[in-house]
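Subject: Structure handover

Hello,

Here is the structure I promised to pass on. Please open it first, then read my notes below.

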Amino acid sequence: MKQKKCFAILLLCALTAFHILWDRQFSSTDSSDFVPVLPEPVIQINAMEQTPNPLILQASYACLMDAGSHRILYSKNTDKKVPMASTTKIMTALLALESNKLNDVVIASKKAAGMPKVHLGMQPGRQYYMKDLLYSLMLESHNDTAVAIAEHLGGSVSGFAAKMNQKAKLLGMSSTHFITPNGLDANGHYSTASDMCKLASYAIKNKDFLSLVQTKSHSFSDCSGKYHYSLTNHDAFLSYYEGALGIKTGFTGKAGYCFVGAAKKNGITLTSCVLASGWPPNKTYKWRDTTKLMDYGKNNFDTKKILKNRISFPVNIENGTKKQIIAVAIGPYKALVSRNDTVEAKTEFNYELPIKSGEKIGEVKLYINNQCVKKCKIEAVDGVEKYDFKYCFKKTLDYFIFQ
């Protein structure tokens, strides 16, 4: 009896192995046949024949960006490397806020005190609290304050510039290079309109930063209490544009008038940048340009649900113990789209058998006008083992052991 059972086991194993080889040789299909198509998880928006008329801007360089996805909604020479003046101070303020040294005492150096107008009027050796200097930096755009903060946090201006460039790299600002903390004209100090929008999109996520740039006025004294200062916010955009969040003005002889802005309305958050938006006496061009950009975003784009939450679909499995399993795309995802945009979803799978329930097996890549704006995880609902000799041998043993 035992001999018959052993013979049966060996026979079944041999047949199983033969079956696997036969199945792979004659029944397998190209892996491309196993790529599933998501069953309508997206809103398909077909491009219209006509596109909106280009904006007439005074700025030589401009960008409008969806703050959430960093998708550029409007551009004008947006990737040109140019001076960005005191909009530089956005990065200086962020590094100061993220240092968690707001209660530090900052001592003004001779170098800091020697900065040209616009300045606080520091004197060498005078001491201030970091938290007060941030208002000086962002409300009045004081150049001496920027250098004092930089020297305190970086040991020197060049040391702080290295921190600025490191942060820029982390934020994907690939066309930006900082030399100064205040944005005064310097060889090798430049950015782009799109990079500055990326910086603004990051900055407005910081509640302390938003509170800082939205402050209308601030008064403080130096650490001795002897010298007193009163500051006023010069961001006109903040007061006249509905939903405005700030952020920072700038001007130098090379850069012209500049402004990096942000606004939020009806759940849509936009960032904008205008560089070289006129020279004196045309100080108001930057406000007009920014208004046009924000209105363009508000009037031409709406928030649409691109991917539903946990949409399920079948996935064909090659060489699995199941021919098909159920997977889910993890959503939801919303994006700004216009009637001129085309939205697509593409699935990409990357897994090895066996697959466990809940395991990531791929991604849904969401595209707007052929630009990938989001990657959403695909998880397996069902588990599946690999259909191979080991699996068949185990099943054969189980059959005889438990019969």
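**What turned up**

Cys197 is buried, with 0% relative accessibility. Buried means under 20% relative accessible area, exposed means over 50%, and partly exposed lies in between (1.4 Å probe, protein chains only).

Some ground rules before the rest. This is a predicted model, in which local features need pLDDT of at least 70 and side-chain atom pairs count only at pLDDT 80 or more, while totals for chains, interfaces and linings use all residues. Residues are numbered from 1 along each chain as its sequence is written, and side-chain values use heavy atoms, with hydrogens and water left out.

Is Cys197 in a disulfide, or in none? A disulfide is a covalent bond between the sulfur atoms of two cysteines. The cut-off used here is a pair of cysteine sulfur atoms within 2.5 Å. By that rule, the count is zero disulfides. Cys197 is in none; its nearest cysteine sulfur belongs to Cys63, 3.9 Å away. Cys273 is in no disulfide either. For Cys273, the nearest cysteine sulfur is that of Cys197, at 5.5 Å. Cys273 is also buried, at 0% relative accessibility.

**Helix H7**

Cys197 is one of the buried residues of H7. This helix spans residues 193-203 and is mostly covered. Of its 11 residues, nine are buried. Among them are Ala193, Met196, Leu199 and Ala203. A note on names: helices (H or I, at least four residues) and strands (E, at least two) are DSSP runs, numbered from the N terminus.

**Salt bridges**

How many salt bridges does the structure hold? There are seven. The rule asks for a side-chain nitrogen of Lys or Arg within 4 Å of a carboxyl oxygen of Asp or Glu.

Take Asp341 and Arg71. Their closest N and O atoms are 2.8 Å apart. Asp341 is buried at 3% relative accessibility. Arg71 is buried too, at 6%.

Next come Lys365 and Glu348, which meet in a salt bridge at 3.1 Å, N to O. This pair links distant parts of the chain: Lys365 is in strand E15 (residues 360-368) and Glu348 in strand E14, 17 residues apart. Lys365 counts as buried at 14%, whereas Glu348 is partly exposed at 40%.

Glu363 and Lys360 form another salt bridge, with closest N and O atoms 3.4 Å apart. Glu363 is partly exposed at 22%. Lys360 is partly exposed at 42%.

**Aromatic rings**

Rings of Phe, Tyr and Trp (its six-membered ring) pair if their centres lie within 6.5 Å; planes under 30 degrees apart count as stacked, over 60 as edge-to-face and the rest as tilted. The count comes to nine aromatic pairs. One of them is Phe220 with Tyr229, stacked at 5.1 Å centre to centre, with 25° between the planes. Both residues, Phe220 and Tyr229, are buried. Elsewhere, Phe237, Tyr240, Tyr241, Phe259 and Trp287 make up one aromatic cluster.

Charges also sit over rings. The rule needs NZ of Lys or CZ of Arg within 6 Å of the ring centre and within 35 degrees of the ring normal. Lys131 lies over the face of Tyr129, 5.8 Å from the ring centre. Lys346 lies over the face of Tyr367, at 4.8 Å.

Best wishes
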